[in-house]
Amino acid sequence: QERGRRALELAAAGRHNLLLAGPPGTGKTMLARRLPGVLPRLTLEQALEVTRIHSVAGLLPPGRPLVDRPPFRAPHHTASTAAVVGGGPGPRPGEASLAHHGVLLLDELAEFQRPALEALRQPLEEGTIAIARAAGQAVFPARFVLVGTMNLCPCGGRGDPAAECSCSPQRLAAYRDKLSRALLDRIDIVIHVPRARAGELAGNAGERSESVQERVEAGAERLRTEPPRLGQSAAELLDRAVDTLPLSARGRARVARVAVTIAALAGDGEVGT
């Protein structure tokens, strides 16, 4: 799954939200679970932030007073809105805050309750979650990389040449409606993960996470210090896309962000068409 691996590398370097879609059994979840291993290492300041959140939630492992690795959270699709974004009489941080500076994996994205997914729109945009109660308001940090996985239809046959989709148009429409346009607009990279061929499965092992992490850290450092510029021809191409696709203003900005990340990983100073 070289295409999926490439998408993970971009997501890690530029902290882009990612959606992996395709038939069952193609390695979507396995790919997503490898993302924390290629994320840049936490700085001391980030590690202290993450440790505070996990301490408040009572989740610090015994004998490990500092969380020094990017956290990984993968709630089940039956999780309530309060479990995902936080809440309760306390209130307490939810899975989105526990994934701060790390990865929030929503496996089988379309099976989550729509209110829980819509509640993620604020943290995806602002990096915080504000929970209002009669006694006052609590604000939790929630700057994470969202990774979603899903089939292309309820039966799982769509997009698989070896299977036949048995879903009716009405069932397909209901499945698509579970994900709002506003939520999808906040996902930077959407990739189709096809079924692997026998020759690919029997081939040589892929690149190890350690070497990918080195490239990711170098690219992230370029993005922080000297981000590539958007060339004039690339900007004109984006302007045409806004009028013809159509591409929203947020979509245009996210396309530009991904392009800048690609250029930074390649060591280029300017984004081309």
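Tutor: A definition comes first. A crossing is left-handed if the near helix is turned anticlockwise from the far one by less than a right angle, and right-handed if it is turned clockwise. Keep in mind that this model is predicted.

Start with helix H12 (residues 232-244) and helix H13. Their axes are 10 Å apart, and they pack at an angle of about 150°. The crossing of H12 and H13 is right-handed. H12 contributes Ala 235, Leu 238, Asp 239 and Val 242 to the contact. H13 contributes Arg 252, Val 255 and Ala 256. By class, this contact of H12 with H13 has 5 nonpolar residues, 2 charged ones and no polar ones.

H13 (residues 249-266) also meets helix H1 (residues 2-14). The axes of H1 and H13 come within 10 Å and cross at roughly 100°. That angle makes H1 roughly perpendicular to H13. On the H1 side, the contact is made by Arg 6, Glu 9, Leu 10, Ala 13 and Gly 14. On the H13 side, it is made by Arg 257, Thr 261, Ile 262 and Leu 265. The residues of this contact of H1 with H13 divide into 4 nonpolar, 2 polar and 3 charged.

H1 has another partner, helix H11 (residues 209-225). The axes of H1 and H11 are 8 Å apart, with a packing angle of about 45°. H1 and H11 are therefore oblique to each other. Their crossing is right-handed. From H1, the contact uses Glu 9, Ala 12, Ala 13 and Gly 14. From H11, it uses Val 212, Arg 215, Val 216, Ala 220 and Leu 223. The classes in this contact of H1 with H11 are 6 nonpolar, 1 polar and 2 charged.

Now follow the chain past H1. Arg 15 lies in the loop between H1 and strand E1 (18-21). Arg 15 has a positive phi of about 55°, although it is not a glycine. Its relative accessible area is 32%, so Arg 15 is partly exposed.

Five strands form an open sheet, in the order E2-E5-E8-E1-E9, and the pairing is parallel. Strand E2 (72-73) and strand E9 (189-192) stand at the edges. Each has a single partner strand, so one side of each is left without a neighbour in the sheet.

Strand E8 (residues 145-150) is joined to strand E5 (residues 103-106) by 4 bridges, and the two run parallel. Leu 104 has Leu 146 as its bridge partner in E8. Leu 105 has Val 147. E1 is also joined to E8 by 4 bridges, again in parallel. Here Leu 19 stands opposite Gly 148.

Is E8 mostly covered or uncovered? E8 is mostly covered, with 6 of its 6 residues buried. Val 145, Val 147 and Thr 149 point one way from E8. Leu 146, Gly 148 and Met 150 point the other way. All of these residues are buried.

Last, look past E5. Glu 108 is found in the loop between E5 and helix H6 (114-118). Glu 108 is not a glycine, yet it has a positive phi of about 55°. At 29% relative accessibility, Glu 108 counts as partly exposed.

Technical notes: Residues are numbered from 1 along each chain as its sequence is written. This is a predicted model: local features need pLDDT of at least 70, side-chain atom pairs count only at pLDDT 80 or more; totals for chains, interfaces and linings use all residues. Side-chain values use heavy atoms; hydrogens and water are left out. Axes are lines fitted to C-alpha atoms, for helices over the stretch in contact, and angles run from 0 to 180 degrees between N-to-C directions. Angles under 35 degrees count as roughly parallel, over 145 as roughly antiparallel, 65 to 115 as roughly perpendicular and the rest as oblique. Contact means heavy atoms within 4.5 Å. Ala, Val, Leu, Ile, Met, Phe, Trp, Tyr, Cys and Pro count as nonpolar, Asp, Glu, Lys and Arg as charged, and the others, Gly among them, as polar. Two strands pair if DSSP finds at least two bridges between them. Buried means under 20% relative accessible area, exposed over 50%, partly exposed in between (1.4 Å probe, protein chains only).
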